[in-house]
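Subject: Structure to look at

Hi,

Here is the structure I promised to pass on. Please open it next to this email and follow along.

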Amino acid sequence: MIRRSDSECSLSDRPDVAAVSVGSRYGAVRISSIPWALMQTIKTATDWFLVHCADHRKLSPHTLKAYGHDLAHFRAFASDSKDHLPIPSIDRNIVQKWLSSMAEARPRTVRRRLATLKSMF
């Protein structure tokens, strides 16, 4: 059992399946039986996240379309046309470079894209 004190996240002992319990000031959220294979690359993580938003968070189709577009934009920037970028390799520097690459975009667009990425992680 692994515990992180900052987000109070606990993981099961099985390497292929996790039972995650995330505590926050708004209460605990439990997501069980997430196969780790679905969360290894940026492509599989974004696919899982969009399905999660549709099925569990019941977000609007318009929101899902915007999330998909924003995450595809990040994936295209971060992975250099390969979708097998490992999730652990995504760090603050990649996100900062991505934000600075959007110099021509409107500030509202940049804020929305960052909010989408933060929502996924």
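Which residues does Asp70 touch, not counting residues up to four places away in sequence? They are Trp98, Arg112, Arg113 and Thr116. Touching, or contact, means heavy atoms within 4.5 Å. Asp70 lies in helix α2. Asp70 is buried, with a relative accessible area of 1%. Buried means under 20% relative accessible area, exposed over 50%, and partly exposed in between (1.4 Å probe, protein chains only).

Some ground rules. This is a predicted model, with local features needing pLDDT of at least 70, side-chain atom pairs counting only at pLDDT 80 or more, and totals for chains, interfaces and linings using all residues. Residues are numbered from 1 along each chain as its sequence is written, and side-chain values use heavy atoms, leaving out hydrogens and water. Helices (H or I, at least four residues) and strands (E, at least two) are DSSP runs, numbered from the N terminus.

Now the confidence. pLDDT is the predictor's confidence in each residue, from 0 to 100. The protein has a mean of 75, and 65% of its residues reach 70 or more. Confidence is highest in α4, at 94, and lowest in strand β2 (residues 9-11), at a mean of 37. Over residues 1-33 the pLDDT is below 50. Where pLDDT is low, the predicted coordinates should not be read in detail.

Next, helix α4 (residues 107-120). Its 14 residues should span 20 Å at 1.5 Å a residue, and its end C-alpha atoms are 20 Å apart, which agrees. (The expected span is 1.5 Å times one less than the number of residues.) Which residues of α4 are buried? Thr109, Val110, Arg113, Thr116, Leu117 and Met120 are. They cover an arc of only 125 degrees around the axis, so they sit on the same side of α4. The arc is that of the directions from the helix axis to the C-beta atoms. On the other side, Pro107, Arg108, Arg111 and Lys118 are exposed. The cover over the buried residues includes α1 (42-55), α2 (61-79) and α3 (92-100).

Last, the largest nonpolar core. Such a core is a set of buried Ala, Val, Leu, Ile, Met, Phe, Trp, Tyr and Cys residues joined through side-chain atoms within 4.5 Å. Of its 19 residues, Ile42, Phe49, Phe74, Ile90, Leu117 and Met120 touch the most other members. Helices α1, α2, α3 and α4 each supply at least two residues. Helix α2 gives the most, with five.

Best wishes

Technical notes
Expected span 1.5 Å × (residues − 1).
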